[in-house]
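Thanks for making time this morning.

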Amino acid sequence: MPSVSTPVLQLDESQLKHINDKLSRLEPKQILEWASITFGRLFQETAFGPSGCVITDIAHAQGISVPVIFVDTLHNFTETLELAQRSQEHYGFQLHVFKPEGCATREDFVAKFGDELWRRDDVVYDYSVKVEPARRAYEELEAHAVITGRRKSQKGDRASLQIVEIEKGTGLVKINPLANWSFQQVWTYIRANEVPYNALLDQGYKSVGDYHSTRPVGENEDERAGRWAGQQKTECGLHKDYFAMRAAFLARKKQQQETTTQLTAQTA
């Protein structure tokens with residue numbers, strides 16, 4: 001991965017705005033073409049949601065070969081894992097799967113962190129299942145840029161999304177070809193082009209994450225209302241400030257260690 005001191009795109013805010021203004025007038029297929037020409041180490045990062053599936057199909061239709069990064073949290077729905085395999089077989093892309101460090105199965109994760117970590121400490125959970133594996137993927141694969149399926153219409157932190165973003169501190173470029181699409185546009189494309197999609201979409205889901213924090217949405221609910229329902233949370237941390245997430249994770253781990261030390265001293 002590019003070092004912190006030498007980002008792939010060294011642009012000031014006005015230059016980045018100029019690029020985004022130009023790209024905002026283009027179709028997703030043209031944005032993908034631009035990205036494939038501009039970046040030598042380009043990857044698609046996806047959890048095989050509807051938008052990610054559309055991007056994969058558009059790239060394939062344009063003859064653009066983009067390797068795929070899939071962060072397997074070990075808490076995905078079975079339907080998501082089946083879709084990952086179906087998509088890889090259908091399109092033939094190179095699939096890079098990254099899991100929580102030191103864990104190959106959900107049982108390994110429970111043995112390392114205990115039961116229901118997401119209930120006990122969502123900071124440690126998000127960092128362990130999403131943030132750290134993704135960062136490891138970028139570094140091991142020496143990624144210059146990643147394509148994501150995020151869209152403005154998903155609201156929350158994504159409402160002000162730009163087509164091209166440069167991650168602060170790391171210089172990693174994130175490209176969002178469908179930033180200006182609605183869910184209906186995504187779904188229409190999927191149906192019209194017979195794109196492989198998650199079977200859960202036929203059961204009322206619109207955004208699919210981990211099984212324990214995802215539910216179907218009602219007819220008048222926002223697309224991502226089924227994610228972390230009842231919580232003041234709209235992102236898992238993957239697209240938040242990496243260094244802030246890491247600092248919060250390390251602070252929480254330090255606090256846990258201090259608590260364990262105190263309890264041990266009290267029982268000695």
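Let us start with strand β3, residues 95–98, where His96 and Phe98 make up the covered face, while Leu95 and Val97 make up the uncovered one. In a regular strand, side chains alternate between the two faces of the sheet. Helices (H or I, at least four residues) and strands (E, at least two) are DSSP runs, numbered from the N terminus.

Before going further, please keep in mind that this is a predicted model, in which local features need pLDDT of at least 70 and side-chain atom pairs count only at pLDDT 80 or more, whereas totals for chains, interfaces and linings use all residues. Residues are numbered from 1 along each chain as its sequence is written, and side-chain values use heavy atoms, with hydrogens and water left out.

Strand β2, residues 68–71, runs parallel to β3 and is joined to β3 by four bridges, and strands pair if DSSP finds at least two bridges between them. Within this pairing, Phe70 has Val97 as its bridge partner in β3.

Now to the helices: α2 (residues 28–38) packs against α3 (residues 50–61) at an angle of about 70°, and their axes are 10 Å apart. Axes are lines fitted to C-alpha atoms, for helices over the stretch in contact, and angles run from 0 to 180 degrees between N-to-C directions. Here Pro28, Lys29 and Leu32 of α2 meet Ile55, Ile58 and Ala59 of α3, where contact means heavy atoms within 4.5 Å.

Finally, Glu132 lies in helix α7, residues 122–141, and, leaving aside residues up to four places away in sequence, Glu132 touches Glu101 and Tyr127.

Methods
Buried < 20%, exposed > 50% of the residue type's maximum accessible area, 1.4 Å probe, protein only.
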